[in-house]
Amino acid sequence: MAYSDQFTPEEWQQLLDTPALVGAAVMVCSGSGLGTMKEAFALTRGLLDIPPSFAANGLVQAVVEARQQGEASATSWQDGYQQMELDEFLRSVLDQCKALTALLATPARAADADGFKRWVLGIGERVASAAREGGFLGI
């Protein structure tokens with residue numbers, strides 16, 4: 001049985017979308033100008049690579065594999081968020097994270113839930129540290 005079969009299609013889409021939303025939220029808050037390309041690259045790498053510390057996490061593996069195979073459509077989340085003001089977008093991403101936490105709170109999903117949440121947090125941290133900020137041209 002595929003890992004995605006443990007979730008409804010809407011829940012699975014939420015699992016696919018939330019890591020990208022977290023990274024996008026960090027990008028729009030940074031205002032780093034030239035660093036945005038580095039942040040975008042860091043976000044893409046974070047969504048498609050499994051760090052060694054998460055190699056045994058079945059949920060992280062399943063989400064990354066689904067993204068690598070193109071299962072996660074960018075339009076699944078972009079359409080609803082592109083017209084939002086910044087503060088509305090950030091509140092929406094926070095709500096999405098809370099919903100994800102609730103989704104993963106069931107005992108049957110507890111084994112991989114903590115690692116998945118740490119992986120999502122790591123994506124945000126990776127994006128945040130991708131571009132140097134401050135000084136002249138980020139130097």
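Which residue's side chain meets that of Arg45 in a salt bridge? In this predicted model, in which local features need pLDDT of at least 70, side-chain atom pairs count only at pLDDT 80 or more, and totals for chains, interfaces and linings use all residues, the partner is Asp49, at 2.8 Å from N to O. Residues are numbered from 1 along each chain as its sequence is written, and side-chain values use heavy atoms, with hydrogens and water left out.

The protein comprises six helices and zero strands, where helices (H or I, at least four residues) and strands (E, at least two) are DSSP runs numbered from the N terminus. Read from the N terminus, the order of elements is α-α-α-α-α-α. Of the 139 residues, 40% count as buried; buried denotes under 20% relative accessible area, exposed over 50%, and partly exposed the range in between, with a 1.4 Å probe and protein chains only. With contact defined as heavy atoms within 4.5 Å, 76% of the contacts between residues at least 6 apart in sequence join residues at least 24 apart.

Helix α1 covers residues 9-30 and has 22 residues. The expected span of a helix is taken as 1.5 Å times one less than its number of residues. For α1 this gives 32 Å, which agrees with the 32 Å between its end C-alpha atoms.

When residues up to four places away in sequence are not counted, Ser92 touches Tyr81 and Met84.

In helix α3 (residues 58-68), Ala62 was examined. Ala62 counts as buried, at 14% relative accessibility, and touches Tyr3 and Trp12, residues up to four places away in sequence not being counted. The C-alpha atoms of Ala62 and Leu16 are 9.5 Å apart in space, while the two residues are 46 apart in sequence.

The count of aromatic pairs comes to two, under the rule that rings of Phe, Tyr and Trp (its six-membered ring) pair if their centres lie within 6.5 Å, planes under 30 degrees apart being stacked, over 60 edge-to-face and the rest tilted. Phe116 and Trp119 have ring centres 5.4 Å apart and planes at 50°, so the pair is tilted. Both residues belong to helix α6 (residues 110-128), where they are three residues apart, about one turn of the helix. Phe116 and Trp119 are both buried.

Three salt bridges were counted, each requiring a side-chain nitrogen of Lys or Arg within 4 Å of a carboxyl oxygen of Asp or Glu. In the bridge between Arg45 and Asp49, Arg45 is partly exposed at 37% relative accessibility, and Asp49 is partly exposed at 26%. A further bridge joins Arg91 to Asp87, with the closest N and O atoms 3.6 Å apart. Arg91 and Asp87 are four residues apart in helix α5, a separation of about one helical turn. Asp87 has a relative accessible area of 45% and is partly exposed. Asp114 and Arg118 form another salt bridge, at 3.1 Å from N to O. These two residues lie in helix α6, four residues apart, about one turn of the helix. Asp114 is partly exposed at 45% relative accessibility, and Arg118 is partly exposed with a relative accessible area of 45%.

The structure holds zero disulfides, a disulfide being a pair of cysteine sulfur atoms within 2.5 Å. Cys29 has a relative accessible area of 48% and is partly exposed. Cys97 counts as partly exposed at 24% relative accessibility.
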